[in-house]
Amino acid sequence: IFSTEETKQVLRLSLTEFSLPKFYLLFGISKVKSAAVIAFRSSYRDRSFSPGSYERETFALTSLETVTEALLEIMEACMRDIPTCKWLDQWTELAQKFAFQYNPSLQPRALVVFGCISKRVSHGQIKQIIRILSKGLESCLKGPDNYNSQVLIEATVIALTKLQPLLNK
């Protein structure tokens with residue numbers, strides 16, 4: 001399916017890199033010896049496993065940034081071999097949709113992804129992100145213990161940092 005050796009090499013290196021234990025942490029599974037143990041574990045084969053039987057690790061936004069950039073590199077390598085490929089446009093559209101839609105669980109992650117994968121940005125989109133930042137700051141002022149607001153602020157800063165170089169001077 002992939003015609004160039006360069007694309008195959010990017011895919012091989014990425015697969016090898018994602019298989020390294022140091023990358024388990026990025027995917028939130030650092031407390032296992034093998035990612036395959038978690039990926040292919042089922043309640044039918046391993047009766048001791050249940051959704052609450054292991055401690056779920058948090059997925060840091062900086063980890064999401066690294067994973068997104070790695071996936072973007074893979075996608076761009078594949079897209080060079082597929083002339084009519086719209087994967088990145090679809091991914092960007094979905095990320096934007098969730099980035100600008102209030103949802104305490106998804107919005108911060110979508111903002112980070114949107115910032116990492118966008119190839120262009122409008123002033124209107126930047127204004128929306130600044131409004132989200134403003135709301136997060138207001139919420140923090142009302143109650144500094146509001147974890148969701150802190151995560152939202154971190155996500156908007158990451159997104160703005162990534163998008164700023166795309167703006168016209």
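Is C140 buried or exposed in this structure? C140 counts as buried, at 17% relative accessibility. Here, buried means under 20% relative accessible area, exposed means over 50%, and partly exposed is what falls in between, using a 1.4 Å probe and protein chains only.

Before going further, a word on what you are looking at. This is a predicted model, in which local features need pLDDT of at least 70 and side-chain atom pairs count only at pLDDT 80 or more, while totals for chains, interfaces and linings use all residues. Residues are numbered from 1 along each chain as its sequence is written, and side-chain values use heavy atoms, with hydrogens and water left out.

Let us start with the overall plan. The protein chain has 8 helices and 0 strands, and its pattern along the sequence reads α-α-α-α-α-α-α-α. Helices (H or I, at least four residues) and strands (E, at least two) are DSSP runs, numbered from the N terminus. The protein chain has 169 residues, of which 34% count as buried. Among contacts with a separation of 6 or more, 62% are between residues 24 or more positions apart; contact means heavy atoms within 4.5 Å.

Now find helix α6, residues 107–117. Of its 11 residues, 10 are buried: Q107, P108, A110, L111, V112, V113, F114, G115, C116 and I117. What do these buried residues pack against? Their partners are α4 (61–81), α5, α7 (123–142) and α8 (147–163).

Two packed helices are described by the angle between their axes and the distance between the axes. For α5 (residues 87–99) and α6, the axes come within 8 Å and cross at roughly 140°. Axes are lines fitted to C-alpha atoms, for helices over the stretch in contact, and angles run from 0 to 180 degrees between N-to-C directions. The crossing of α5 past α6 is left-handed, a term used when the near helix is turned anticlockwise from the far one by less than a right angle. On the α5 side, L88, W91, T92, A95, Q96, F98 and A99 take part, and they meet Q107, A110, L111, V113, F114 and I117 of α6. The residues of this contact divide into 10 nonpolar, 3 polar and no charged. In that tally, Ala, Val, Leu, Ile, Met, Phe, Trp, Tyr, Cys and Pro count as nonpolar, Asp, Glu, Lys and Arg as charged, and the others, Gly among them, as polar.

Next, turn to helix α4, where two residues show what lies around it. S63 lies in α4 and is buried at 9% relative accessibility. Leaving aside neighbours within four places in sequence, S63 is in contact with L25 and L26. V67 also has its place in α4, and V67 counts as buried at 6% relative accessibility. Not counting residues up to four places away in sequence, V67 touches L26 and F27. Between V67 and V113 there are 46 residues of separation in sequence and 9.4 Å in space, C-alpha to C-alpha.

A salt bridge is a side-chain nitrogen of Lys or Arg within 4 Å of a carboxyl oxygen of Asp or Glu, and the count comes to 5. One of them joins E6 and R80, whose closest N and O atoms are 3.6 Å apart. E6 sits in helix α1 (residues 5–18) and R80 in helix α4, 74 residues apart. Both E6 and R80 are exposed.

E65 and K162 form another salt bridge, at 3.1 Å from N to O. Because E65 lies in helix α4 and K162 in helix α8, this pair ties together parts that are 97 residues apart in sequence. E65 is buried, with a relative accessible area of 17%, whereas K162 is partly exposed at 27%. E65 and K162 also belong to a network of salt bridges that includes E69.

K119 and E76 meet at 2.6 Å, N to O. K119 is in the loop between α6 and α7, and E76 is in helix α4, 43 residues apart. Both are partly exposed, K119 at 47% and E76 at 26%.

Finally, how many disulfides does the structure hold? There are 0, a disulfide being a pair of cysteine sulfur atoms within 2.5 Å. The sulfur of C78 is 8.1 Å from the closest cysteine sulfur, in C85, so that pair is too far apart for a bond. C78 itself is buried, with a relative accessible area of 5%.
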